[in-house]
Amino acid sequence: MVQADTLLIPLLMGLFLVAVAIVLVRTGPIRTLTEPDRDVVGAVTRLVHHPASWVAGFLVLSLGFGGGIILAVSGEEVPAVLKQTVGVVLVVVALGVLAGFLFSGVYGSARARGLTSAQATAIGGWGIGLLFLGAVVVKLIMAG
């Protein structure tokens, strides 16, 4: 039997997450210093600037990670191959989120400092390359 504390804490965190999502959706679109040119920028940019899409993405990632972790640490009724696959998928998605966060932060910072889009993309790619290089170095050090 599962203890009440084990179920109560995730339930409270889920309720808090839903409350934060409701507050963020009601705040309206993200305010930018310069309004993007609507002729050049398409529907994807409008979607990115709307808080509801960010909240929905966060909720999907949170629920996916939560379900994956529960599946990965579940008992013997789940096959070992499925557990290993879920573990690998969780690590790959987490690294993808980290790399995307790093790239978008570096890109936004470079654009805010007056660099062109191509220059900011190059700097963001350089940051991702450093992250990959750091992972290779750690793997080589741990192997030896």
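## Nonpolar surface patch

I123, W126, L130, L133, V137, V138, I141 and M142 form a nonpolar patch on the surface. Together they carry about 840 Å² of accessible area. Patches take residues with over 30% relative accessible area and no salt bridge; nonpolar side chains (Val, Leu, Ile, Met, Phe, Trp, Tyr) are joined within 5 Å, like charges within 9 Å. A salt bridge is a side-chain nitrogen of Lys or Arg within 4 Å of a carboxyl oxygen of Asp or Glu. Accessible areas come from the Shrake-Rupley method with a 1.4 Å probe, and for residues only the protein chains shown count as cover.

V137 lies in helix α5. Its relative accessible area is 39%, so V137 is partly exposed. Buried means under 20% relative accessible area, exposed over 50%, and partly exposed in between (1.4 Å probe, protein chains only).

## Model and conventions

This is a predicted model: local features need pLDDT of at least 70, side-chain atom pairs count only at pLDDT 80 or more, and totals for chains, interfaces and linings use all residues. Residues are numbered from 1 along each chain as its sequence is written, and side-chain values use heavy atoms, with hydrogens and water left out.

## Overall fold

The protein chain has 5 helices and 0 strands. Along the sequence the pattern reads α-α-α-α-α. Helices (H or I, at least four residues) and strands (E, at least two) are DSSP runs, numbered from the N terminus.

The chain has 144 residues, and 10% of them count as buried. Its accessible surface comes to about 11200 Å². Carbon and sulfur atoms hold 76% of that surface. Among contacts with a separation of 6 or more, 41% join residues 24 or more positions apart. A contact means heavy atoms within 4.5 Å.

## Helix α5

Helix α5 covers residues 117-143. At 1.5 Å a residue, its 27 residues should span 39 Å; the end C-alpha atoms are 39 Å apart, which agrees. The expected span is 1.5 Å times one less than the number of residues.

A120, G124 and G127 are buried in α5. The cover over the buried residues of α5 includes α4 (80-112).

α4 has 33 residues, which should span 48 Å at 1.5 Å a residue. Its end C-alpha atoms are 48 Å apart, in agreement. V86, L90, A99 and A110 are buried in α4. What covers the buried residues of α4 includes α3 and α5. After α4 comes G114, with a positive phi near 95 degrees.

A pair of aromatic rings is described by the distance of the centres and the angle of the planes. Rings of Phe, Tyr and Trp (its six-membered ring) pair if their centres lie within 6.5 Å; planes under 30 degrees apart count as stacked, over 60 as edge-to-face and the rest as tilted. The count comes to 1 aromatic pair. The ring centres of F103 and Y107 are 6.1 Å apart and their planes are at 20 degrees, so the pair is stacked. F103 and Y107 are 4 residues apart in helix α4, so about one helical turn separates them. F103 counts as partly exposed at 28% relative accessibility. Y107 is partly exposed too, with a relative accessible area of 26%.

## Helix α3

Helix α3 spans residues 51-72. Its 22 residues should span 32 Å at 1.5 Å a residue; the end C-alpha atoms are 31 Å apart, which agrees. The buried residues of α3 are P51, V55 and G68. P51 has 9% relative accessibility, so P51 counts as buried.

P51 and A21 are 30 residues apart in sequence, and their C-alpha atoms are 9.1 Å apart. S62 also sits in helix α3. With a relative accessible area of 25%, S62 is partly exposed. S62 and G14 are 48 residues apart in sequence and 9.7 Å apart in space, C-alpha to C-alpha. I70 is in helix α3 as well. At 60% relative accessibility, I70 counts as exposed. I70 and V86 are 16 residues apart in sequence, with a C-alpha to C-alpha distance of 9.9 Å. V86 is one of the buried residues of α4.
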